[in-house]
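Subject: Structure for you to look at, with notes

Dear colleague,

I am handing over the structure below, followed by notes on what was found in it. Please read them with the model open beside you.

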Amino acid sequence: MNANLTRLVAAAQKPGRRIIGLMSGTSLDGLDVALCRFEGHGPATRVAVEQFTTVPYPEAVREEIRRVFARRDVELQHLTLLHAWLGSLHARMVLACLREWNVESATVDAIASHGQTVFHAPRQQHGLAEWPDATLQLGDGDHLAVHTGILTISDFRQKHVAAGGQGAPLAVYGDYLIFSQPGEDRLLLNLGGIANFTFLPGSLDAAEVFSTDVGPGNTLLDAFVREFYPAKSYDENGELAAQGQVNPALLAELLCHAFFQAGLPKTTGPELFNLAYVRAAQARTGTAALAATDLLATLTELSAAGIAGAVELAFGLGRPFHVYTSGGGMHNPTLIAAIQRRLPHCRFATTEALGIEPDAKEAVLFAVLANETLAGEARSIGAGQQRVPAVALGKISFPA
Ligand SMILES: Nc1ncnc2c1ncn2[C@@H]1O[C@H](COP(=O)(O)OP(=O)(O)OP(=O)(O)O)[C@@H](O)[C@H]1O
Ligand SMILES: CC(=O)N[C@H]1[C@@H]2OC[C@@H](O2)[C@@H](O)[C@@H]1O[C@H](C)C(=O)O
């Protein structure tokens with residue numbers, strides 16, 4: 001047998017594995033690196049986060065990604081270069097983390113790499129009936145494998161699309177395996193650039209489980225903060241929004257977008273939720289001259305309204321969930337307060353209460369996916385009705 005396959009089988013047969021989860025999200029803030037220790041797989045999965053850090057992207061890296069990010073017209077050569085460049089950059093970042101943590105790369109069984117989404121195109125969003133759901137992540141796994149010497153599993157979204165999903169959210173698979181709790185109806189609410197939630201019923205009935213994007217989390221806030229306050233990249237602790245007043249007319253207009261009324265599950269990205277979407281709504285409501293703080297207050301309320309609206313769409317009013325938040329928006333008290341006001345019957349905590357650092361959660365979930373690809377089996381979630389195909393996700397790259 002090929003030596004790579006021998007090593008792959010050995011990694012798959014171990015009772016436990018050490019896997020590094022990597023996530024580079026829509027906020028472009030940096031690469032989340034989570035060194036995870038797994039015991040078992042499937043519902044018996046136990047995961048401990050041994051180390052976690054976000055390696056911040058220098059502004060120059062963000063600029064390079066922004067040249068193609070969520071844009072319809074890009075320079076094809078630049079897109080091509082980025083695919084290799086980001087793969088190598090992520091490899092260097094992983095190696096630097098391992099050095100800092102004093103961890104030998106030979107003790108790591110696999111890297112699970114999400115890559116950088118540069119364009120997300122679910123059919124519902126591109127609207128071209130004869131074209132499929134599609135999504136594109138850059139940062140090729142072969143570069144990570146060759147430069148780190150560690151088996152790499154990457155590009156998780158393509159199989160999901162090929163098997164009938166929309167390429168996102170993928171959180172559902174890992175959330176279901178590591179966060180389900182008998183007797184407690186849970187919503188795992190991630191507040192990244194885009195907000196999404198996974199529903200985990202206390203009945204543990206896999207047929208009921210699903211996850212969905214719900215609209216903007218921080219993406220619009222970040223975009224307008226960069227626009228109005230060039231020295232800042234986000235509304236730290238929601239302080240700017242807290243100084244403003246929500247504009248009801250603009251909020252209502254923003255919520256008129258068909259995305260918010262569309263059935264669940266659904267997925268979206270900054271291809272839709274961007275400056276142009278807000279500016280068009282401002283023009284229609286005569287609010288183009290709104291003060292920056294009022295606009296940020298309105299956009300913060302929009303994120304909360306999108307989340308609460310999706311919960312209502314899925315479950316009706318008043319169901320008392322235990323909500324566990326994660327993602328950068330969790331650090332924004334103005335946003336959290338707005339969400340809590342709109343879901344008064346829910347109890348809120350962060351995933352810290354479940355043993356996973358909230359900023360690390362998405363990177364950990366990709367490590368869970370890789371653990372399943374190596375050792376688990378395709379699992380039926382959502383009874384096939386919720387666009388959660390029962391497939392093993394990711395592509396395998398050998399170091400040599
Ligand atoms: N202290 C804070 N106050 C307010 N907002 C914050 C704070 N810390 C982080 N954020 C927000 O969180 C964002 C980063 O969130 P996160 O890393 O979860 O997003 P992401 O993973 O890139 O997005 P996605 O999950 O959509 O891919 C920042 O851009 C910022 O808007
Ligand atoms: C296409 C893409 O990269 N989508 C991300 C993004 O960030 C949050 C939300 O939009 C979610 O759908 C997804 O990431 C998480 C990890 C997911 O797939 O569950």
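The lining of the second largest pocket divides into eight nonpolar, four polar and five charged residues, where Ala, Val, Leu, Ile, Met, Phe, Trp, Tyr, Cys and Pro count as nonpolar, Asp, Glu, Lys and Arg as charged, and the others, Gly among them, as polar. This is a predicted model, in which local features need pLDDT of at least 70 and side-chain atom pairs count only at pLDDT 80 or more, while totals for chains, interfaces and linings use all residues. Residues are numbered from 1 along each chain as its sequence is written, chains are lettered from A and ligands numbered from 1 in the order in which they are written, and side-chain values use heavy atoms, with hydrogens and water left out.

That pocket is lined by 17 residues, of which Phe69, Ala223, Arg226, Pro270 and Asn274 lie nearest its centre, and about 460 Å³ of space lies in it. On a 1 Å grid over the protein atoms alone, a pocket is an open set of points with protein on both sides within 12 Å along at least five of seven lines, a cavity is a set of points where a 1.4 Å probe fits but cannot get out, and lining residues have an atom within 4 Å of a point. Grid points are joined across faces, edges and corners, and a volume is the space filled by probe spheres set on the points. The elements that give two or more residues to the lining of the second largest pocket are α8 (219-228) and α12 (275-285), and α8 gives the most, with five residues; helices (H or I, at least four residues) and strands (E, at least two) are DSSP runs, numbered from the N terminus.

The domain assignment of the protein chain gives domain 1 (3-168 + 393-397) and domain 2 (171-354), with bounds that come from an automatic or database assignment. Their C-alpha centres lie 24 Å apart, and the contact between them (heavy atoms within 4.5 Å) takes 20 residues from domain 1 and 19 residues from domain 2. The lining of the second largest pocket draws at least three residues from each of these domains.

The largest nonpolar core has 39 residues, of which Phe156, Tyr173 and Val364 touch the most other members. Such a core is a set of buried Ala, Val, Leu, Ile, Met, Phe, Trp, Tyr and Cys residues joined through side-chain atoms within 4.5 Å, and buried means under 20% relative accessible area, exposed over 50% and partly exposed in between, with a 1.4 Å probe and protein chains only. Leaving aside neighbours within four places in sequence, Phe156 is in contact with residues including Ala112, His114, Leu170, Phe366 and Leu393.

Helix α7 (171-179) deserves a look as well. Nine of the nine residues of α7 are buried, so this helix is largely enclosed by the rest of the structure, and what covers them includes β3 (46-56), α6 (157-162), β7 (186-191), β8 (194-200), β9 (210-216) and α15.

Lys361 has its place in helix α15 and is buried, with a relative accessible area of 2%. Not counting residues up to four places away in sequence, Lys361 touches Asp175, Phe179, Leu188, Ser326, Thr351 and Ile356.

The largest cavity has a volume of about 130 Å³, and its lining has seven nonpolar, two polar and three charged residues. Both α7 and α15 supply at least two residues of that lining, and the largest share, three residues, comes from α15.

Some backbone details remain. Most residues other than glycine have a negative phi, and most peptide bonds are trans. A cis peptide bond joins Ala168 and Pro169, with omega about -15 degrees, and Pro169 lies in the loop between α6 and α7. The bond from Leu264 to Pro265 is cis too, with omega near -5 degrees. Phi of Asn237 is near 55 degrees, a positive value in a residue other than glycine; Asn237 lies in the loop between α8 and α9 (239-242) and is partly exposed, with a relative accessible area of 38%.

With best wishes
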